[in-house]
Amino acid sequence: MQATLNIIISIVRTPAILVALIAVLGLSLQKKSMSDIIGGGIKTFLGFLVLTGGADLVSDSLEPLGNMFIHTFDVQGVVPNNEAVVGTLLVEFGTVAALIMLISMIVNALLARFTYFKYIYLSGHVMLYMAAMLAVILDVIGFSNVMAILIGGLILGMANTIMPALVQPFMREVTKSDTVALAHTGDFGYAVSGVIAKFFGNKSKSTEELNIPKSVSFLRDTNIAITLTMSVIYVIMVLFAGPSYVNEMSGGLNYIVFAFVQAGTFAAGVYIILAGVRLILNQIIPAFKGISQSLVPNSVPALDAPVVFPYAPNAVIVGFFSSFVGGIISMLAMVILNTTIVIPGVVAHFMCGAASGVIGNQVGGRRGAVLGAFIQGIAISFIPLALVPMMGEAGLGNATFSDSDFGVVGSLVGYIGNVGGQAAVIITVLVALVLLFLASHLVKNHSQKVSE
């Protein structure tokens with residue numbers, strides 16, 4: 001039994017396998033040939049491996065940048081890092097977290113089947129992160145393992161249904177369709193970024209339509225522009241950090257050469273991510289028609305943040321820098337306010353900021369990309385502060401999660417539990433479930449009136 005559970009857990013926590021199986025299921029339901037089914041599954045599997053390989057390259061290239069930032073400015077505090085926190089939590093809460101995740105997938109599928117919110121959350125790794133967070137918080141509140149699994153699964157299942165729905169109005173504008181949604185733990189922040197960009201941006205001027213003189217027309221190539229932009233950033237940072245510190249990370253490589261190599265690695269990672277996303281979309285969207293027709297009518301696959309990157313590559317970099325600036329300003333504000341200091345996590349600001357930049361650019365142009373991502377940067381700096389006390393109660397000191405959804409969901413559950421105990425959490429979850437169905441009914445009626 002435990003061996004079977006471990007296999008299931010390994011599958012659902014591995015996005016490449018999970019989404020490949022979804023593609024196989026969708027193609028099978030369409031009664032495609034065995035050749036198409038196997039080919040579609042393998043291409044989807046490879047697409048996710050390509051995407052995650054690119055993401056790993058980006059993360060590896062950004063880690064030295066974050067270390068140099070901390071060293072240069074001599075800052076001490078919390079660096080929100082999902083992987084680091086989850087790695088610690090799963091030692092004690094691994095089984096509960098995995099079962100919360102499995103229950104949440106069933107809840108998400110049922111809600112997609114019986115409500116107007118048709119989004120199937122397919123980002124298995126961030127699902128596991130959220131499940132681990134809920135396992136800890138529900139344990140701190142005092143729930144037994146069985147109740148934690150049931151309540152946690154219901155909470156996560158609702159969150160995985162609601163969060164993509166909040167972002168979907170902006171995703172429709174980005175993709176010009178309703179065929180894919182966004183499943184990432186920055187969804188709440190993306191929705192807020194989109195609103196800010198829409199109201200304060202200028203849609204007529206896009207980041208993808210920058211006027212570039214003929215003498216530097218090579219900058220129109222996104223890969224070249226990203227490489228050169230990141231090279232400038234890395235060179236400036238290694239000069240501030242100093243040769244001796246950089247040489248410790250570079251393995252003896254000259255610090256200026258190291259800067260250019262890391263910038264090129266970053267650009268290569270982005271290029272690979274974009275290639276992986278295109279490969280996935282070419283397979284998963286057609287395959288999902290079978291699921292829509294048979295199991296969950298009109299369902300929409302919700303995929304990880306990089307799915308939006310190909311729609312506005314320039315906005316990816318604009319968003320990253322804007323978000324990081326928001327993180328730096330937030331850190332300075334925390335110093336002034338004498339609160340726990342959240343040091344900007346470069347990887348978190350890249351993923352969340354880049355996606356916010358793409359959404360902001362689509363609904364508010366260049367200004368929207370800058371403002372939307374800047375607000376996202378502030379959000380993922382201050383919102384994680386709400387989780388620090390709860391993580392402390394679980395014996396994790398100043399460790400905390402990044403991304404807005406962790407703070408929103410985790411702090412709501414945690415503070416309701418602290419104030420009213422287990423009963424308050426259960427009642428709140430049931431009320432939230434009723435409100436979700438009510439919201440589904442209202443949105444459905446509004447959509448039908450608009451279409452008429």
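This note walks through the predicted model, from the whole chain to one residue in a helix.

1. Ground rules. The model is predicted: local features need pLDDT of at least 70, side-chain atom pairs count only at pLDDT 80 or more, and totals for chains, interfaces and linings use all residues. Residues are numbered from 1 along each chain as its sequence is written, and side-chain values use heavy atoms, with hydrogens and water left out.

2. Overall make-up. The chain has 14 helices and 3 strands. These are DSSP runs, numbered from the N terminus: helices are H or I with at least four residues, strands are E with at least two. Of the 452 residues, 52% count as buried (under 20% relative accessible area; exposed is over 50%, partly exposed in between; 1.4 Å probe, protein chains only).

3. Contacts along the chain. Take contacts between residues at least 6 apart in sequence: 81% of them join residues at least 24 apart. Contact means heavy atoms within 4.5 Å.

4. The sheet. The 3 strands form an open sheet, ordered S1-S3-S2, with parallel pairing. Strand S1 (119–121) and strand S2 (181–182) each have a single partner strand, so one side of each is left without a neighbour in the sheet. Two strands pair if DSSP finds at least two bridges between them. S1 and S3 (residues 300–303) pair over 3 bridges. Ile120 stands opposite Pro301 in S3.

5. Helix H6 over the sheet. H6 (residues 145–175) lies across S1, S2 and S3. Its direction is about 120 degrees to S1. Axes are lines fitted to C-alpha atoms, for helices over the stretch in contact; angles run from 0 to 180 degrees between N-to-C directions.

6. Helix H6 against H7. H7 covers residues 187–200. The two helices pack at about 40 degrees, with axes 8 Å apart. They are therefore oblique to each other (under 35 degrees is roughly parallel, over 145 roughly antiparallel, 65 to 115 roughly perpendicular, the rest oblique). Residues of H6 that meet H7 include Met163, Pro164 and Phe170. On the H7 side, Asp187, Phe188 and Tyr190 are among them.

7. Pro164. Where does Pro164 sit? Pro164 is found in helix H6. Pro164 is buried, with a relative accessible area of 0%. Leaving out residues up to four places away in sequence, Pro164 touches Tyr119, Tyr121, Ala159, Ala181, Leu182, Asp187 and Ala302. Pro164 and Ile120 are 44 residues apart in sequence and 8.9 Å apart in space, C-alpha to C-alpha.
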